[in-house]
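Please open the model in your viewer and keep the sequence beside it. This tour moves from the whole chain to a few selections, and at each stop it says what to select and what is there.

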Amino acid sequence: MMSRESLLSSLKGLSKNVYSREELLPEMEQLEKEMAQIVFEDGLDIPAEYVHMSYIMKHMHIMNNAAGNVADQEMKKLSRLASIFSNHVRAQQSGITGEDRVEQYLGYMKSNHVVLRNLQLSDGVHKTEIDFLVLKQGVATIVEVKNSKRDVYIDQNGDMYKMGRYENFDSHLGAKMDFRVEIIQQLLKNAGFENMRIEKVVVFTNNRIQIKKDYHGFRVCFLSRLPHLIDDFYGTGVIQFTKHLQQMADYIQDKDLNEYYPFEMDVQEFKEAFVDAYLKIKGYDQPVEDGLFTRFKTVIHSLFNMPNTQNVSL
C-alpha cells in the first residue's frame, strides 16, 4: 500500500532551501518528471519531454472524475498551487530562452568583444543583476533583456509600463540601469580602465510589440538590431587589445556574487497537496493523526484486548 511519507520522499526536485539561477529550472523539471512518474504509473503515452504540469493536472482531473470526484476539494487546492508553479516554470523558460537568443545575436558582432552573462554585483550596500555586459574597444555596454508580450511604454523618468486594456507598472528601469553604470564604472576604474565609455541598451526579444519611449537615458532595440548597435558604439580613443578585454572581464567576473535565492513558493505545501490528492483519488488516503493521539489509541486498544485470566484454586 502506498504511504504518504514514501510518496513525499520520492519527490526530490526542489528539495533545497536556496538555488542559483542556473540550477532552478532543472530542479523544476525534475519535480515535474517525478510527479509524472507517480501519476502515469502504467507509463507515459507521450514523449517525456512534453509532460509538463498542465498535462499532469489534466490526467489527474480525468482520474478524479473516473473515481467519482472523490478528491474535488484536494484537486481545487492542488490546481491553485500547480498554476503558481507553472507560472514560475514559464517565467524561467522565457527568461533563459530570451537570453539564449540574445547571446546568439551577440555572436554576430563584427568587432572584437567579450561577453559576460548574468552578473550579480554590489556596491557594498545594494545589489543588482546584469543580463549581459559586452566589452569591446573603449566601450562597455550593459544589456537588459525584456521578453514582454505586450506593448511597452517608457516614460520621461525611465519607468517602464506594459500596455493593454490596463497600464501596468513594470519597473524603475532607468534608475536600475543608472545604478548598474555606477557599479561598472567603479569596477573598471579599480581594474585600471577608467576611461571606458559605458552604454546602456534594453533589447526586446519580441518584435511584434510596439515600444514608445520618452526617456533618453538608454537605447532600445529589437534583437536583430542589437549586434549592429553595439558594433557602432565608439570608445574614448583608448585601445584595448584582446588580452586587455579579457583582463577586464576576468576582474568583473571575479566580483560576481553568484548568490543563491529561495524558490518563491511553498514547495512543500505543493508536494503535500499533490500527494494528498493522488492518494484520495486512488483510495489510499488516511487521516493524518497526531502522534501522541495515535500512541494513546494503541495503549487503550491493548488494555481492552488483553487475554482473559481466571482464578485458579490451589
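**Before selecting anything**

This is a predicted model, in which local features need pLDDT of at least 70 and side-chain atom pairs count only at pLDDT 80 or more, while totals for chains, interfaces and linings use all residues. Residues are numbered from 1 along each chain as its sequence is written, and side-chain values use heavy atoms, with hydrogens and water left out.

**The whole chain**

Show the chain as a cartoon, where you can look for nine helices and nine strands; these are DSSP runs, with helices being H or I of at least four residues and strands being E of at least two, numbered from the N terminus. Of the 314 residues in the chain, 39% are buried, where buried means under 20% relative accessible area, exposed means over 50% and partly exposed lies in between, with a 1.4 Å probe and protein chains only. Among contacts between residues at least 6 apart in sequence, 65% join residues at least 24 apart, a contact being heavy atoms within 4.5 Å.

**Two helices**

Next select helix α2 (residues 21–39) together with α8, which pack with their axes 11 Å apart and at an angle of about 10°; the axes are lines fitted to C-alpha atoms, for helices over the stretch in contact, and angles run from 0 to 180 degrees between N-to-C directions. The two helices α2 and α8 are therefore roughly parallel to each other, since angles under 35 degrees count as roughly parallel, over 145 as roughly antiparallel, 65 to 115 as roughly perpendicular and the rest as oblique. Show side chains for L31, M35, I38 and V39 of α2 and for V267, F270, K271, F274 and Y278 of α8, which make the contact.

**A loop residue**

Move to M163, which sits in the loop between β5 (160–162) and β6 (168–171) and is partly exposed, at 27% relative accessibility.

**Charged pairs**

Side chains of opposite charge can pair when their charged atoms come close. The structure holds 20 salt bridges, each being a side-chain nitrogen of Lys or Arg within 4 Å of a carboxyl oxygen of Asp or Glu.

Select E259 and K127, whose closest N and O atoms are 2.7 Å apart in a salt bridge. This pair links distant parts of the chain, 132 residues apart, with E259 in the loop between α7 (242–254) and α8 (267–282) and K127 in strand β2 (residues 127–136). E259 is partly exposed at 22% relative accessibility, whereas K127 is exposed at 52%.

Then select E199, which is buried at 9% relative accessible area. E199 forms a salt bridge with R197, the closest N and O atoms being 2.2 Å apart, and another with R219, at 3.8 Å. R219 lies in strand β9 (residues 219–222) and E199 in strand β7 (residues 197–204), so their pair ties together parts that are 20 residues apart in sequence.

Finish by selecting R21, E99, D100, E103, R117 and E129, which are linked in a network of salt bridges.
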